[in-house]
Amino acid sequence: MHIQEEYSQRHVLSLTVSNEAGILARIAGLFTARGYNIDSLTVADITDDHAISRITIVTGGPPKVIDQIIAQLDRLVPVHKVTDLTEAGPFVERELALVKVAGTGEDRIEALRLADVFRAKVVDTTIGSFIFEITGTTEKIDNFVALMRQIGLVEVGRTGVVGLIRGKDAN
Amino acid sequence: MAEKSGADILVECLVDLGVEVVFGYPGGAVLPIYDALYNHPTIRHVLVRHEQGATHMAEGYARSTGKPGVVLVTSGPGATNAVTGITDALLDSIPMIVITGQVPTQLIGTDAFQEADTVGITRHCTKHNYLVKDPGKLAGVVHEAFHIATTGRPGPVVVDIPKNVQIATAPYARPELKVHASYHPQTKADAAAIDAAVEMLAAAERPILYTGGGVINSGPQASALLRELVALTGAPVTSTLMGLGAFPASSDQWLGMLGMHGTYEANWAMNQADLILCIGARFDDRVTGRLDAFAPNSKKVHIDIDRSSINKIVDVDVAVVADVASALDDMIALWKQRGHQQADLGEWWARIAGWRARKSLDFAENGAEIMPQRAIADLYKACRATGKDVIITTEVGQHQMWAAQHFGFEAPNKWLTSGGLGTMGYGFPAAIGAQMGNPDSLTICVAGDASVQMNIQEMGTATQYRLPVKIFILNNEYMGMVRQWQELTYESRYSNSYSDSLPDFVKLGEAYGWTGIRIEGPQELEAGIRQMIETPGPVIVDCRVAKLSNCFPMIPSGAAHTEMLLDPSQVEGVMSDEAKALV
């Protein structure tokens, strides 16, 4: 007998939660306890009084599992609202990355040229290296990092995804 | 405003919230609270022998009275010992508040003596939990904790209080209840869902009501409404283990329990129904059997207060997210308003009669040894004859299933068992808790020789508080259910399932100041049970039953409702790896 894997679809979930001790552990732990995946998770408080935080989670699973994830998150006491941006869309999603690239000569010039194409900014430079700041979708950053890997990628830091529904209404 | 210590604030809150009994065990980190409880005029403290016992007592108290159970334990080992009972309460949706002591705030995180990360450890086995670092916030938290534990889908809530917060003072006045703005369980169903449910029920040709613990949790009103709906529709009723008693076992419309050890008629009716109305149950794997063969030709309506239960295991056609009593009330009102009449279910009932004729709960007797099923049946008969209010608790295993099959329950809150977590060691402390809440009831723990030893230390608790609980052990010298599965799947290799070195239960009872009775054979059974019931004070009965009898009917794991084993002759002794890998 072998363990079978299920097919999975990417979803971006946006949660508003009370900004209280343990809330992140509660949510992250729910995912591990019930065997759900977290591809990325971002969190920061979003109100004047620091009472509410927004958590954006990129997860994956068949529709039934996504539905369960939302229902399970929704019943945590400090969770105010869970929105599946992928279902509720259209929505904007962005991720920020810092990408350190080392190289000299033609590599260095090519790195700058590619950064320009991707609208990445140089935020630090030495004679032998750059750190680029790039924002965009996960896919755009993946592509940029893949190109830089061929030139002289040293290391990458990524924030994970934040997202909001398009249009004038809050969700 | 007068200042009070955190410990005094806590006790004031418990009084304001109507708490009469606390099950607990003292220790360093709760000494201030114990001092506040010293000679308290209204709160009774039950000193347990192990913290797990306290949690199951609180569960038994809660399940039998409808009030939340309250537990008080110290930090570190006190809290970790409570974790099994807390998890049990989560799985069976039992309202419980567990107050844990914690090391002082300045020592948290330093691996201080008896420090454990209680909120971390209990985060995923509670409905919610708190670490209170400010005595000024304690009252608000305690009131919110009770509210969360008892509303929506009930469950356990832990309040962890560092020792310095118990000593420090803050102004105190009875707080207004302020609950998290995000906590709003839905108790009233959407009208459209009720409409769809009623119309489907009225149109069904082969309906069945599948009820669960949610009916009990919803309160006695829900059981009364269930009976009314059953009378209106003429439909048959089955129930999960947790729901027994919500509908009277003496009714003609009762099919018995369903699931792994349910009756032939209940499981076949589920399989052949064209409409399943699930009321406060959650399609547990012990109920559904093999999922792709579960009730293949039926529409399904699911009433549940917890939206995450809907479509979790089985996809349903109509979801009614609501408190059971509220939803049933709405359904009955609409049924009457629409002038629906009972459909002609004659053909359906005729098929059910055919399944009933298999008499799936019958068992063979040889006259030489006591069959465990007979022991339960005789216990039931004797209990009924007393005319008393009877509460039955169980441990976990074969005896639990036999009790569910052969003891008939007529009313809710009289059957206390560990369903979801399946906790051996639950039943006896639960009986103590139930007896505390129901001093005049005849409270009997049906136990197995292995399970009963898991919290047997609580015999001292029953003695101390003069609680006349009875323990009725079906002693077959095995972990019977483990042995049964070894016979089914591992060619009877009895790996570690023999109960070696059992104590002399009669002498053990006497050592604790109880009455001990041994029942050796069929001719002693009736008299032994009568003696147990008539003896005042706590009694332990060592009822020696047939050692190798197994619990039938049974749907083996990975099998469908239609593939029930009715007797031992159908057991093959081997299983595929796929079936073995299932729980």
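**Close-up views of a predicted model**

**View 1. Helix 19 of chain B and its cover.** Helix 16 (398–406) and helix 22 (577–580) of chain B are among the elements that cover the buried residues of helix 19 of chain B. Cover here means contact, with heavy atoms within 4.5 Å. Helices are DSSP runs (H or I, at least four residues), and strands are too (E, at least two), numbered from the N terminus. This is a predicted model: local features need pLDDT of at least 70, side-chain atom pairs count only at pLDDT 80 or more, and totals for chains, interfaces and linings use all residues. Residues are numbered from 1 along each chain as its sequence is written, chains are lettered from A in the order in which they are written, and side-chain values use heavy atoms, without hydrogens and water.

**View 2. Inside helix 19 of chain B.** Helix 19 (residues 480–489) is largely enclosed by the rest of the structure, because 8 of its 10 residues are buried. Buried means under 20% relative accessible area (1.4 Å probe, protein chains only). Among them are B:M481, B:R483 and B:L488. B:E491 follows the helix, with a positive phi near 45°.

**View 3. The contact of chain A and chain B.** Chain A gives 20 residues and chain B gives 23 residues. About 1800 Å² is buried between them, 50% of it from carbon and sulfur atoms. That area is the accessible area (1.4 Å probe) lost on being put together, summed over both parts. In chain A, A:M1, A:R26 and A:V77 lose the most area to chain B.

**View 4. A salt bridge across the interface.** The side chains of A:R75 and B:D306 meet at 2.4 Å, N to O. A salt bridge needs a side-chain nitrogen of Lys or Arg within 4 Å of a carboxyl oxygen of Asp or Glu. The count between chain A and chain B is 2.

Technical notes: Buried area = accessible area lost by both parts, 1.4 Å probe. Buried < 20%, exposed > 50% of the residue type's maximum accessible area, 1.4 Å probe, protein only.
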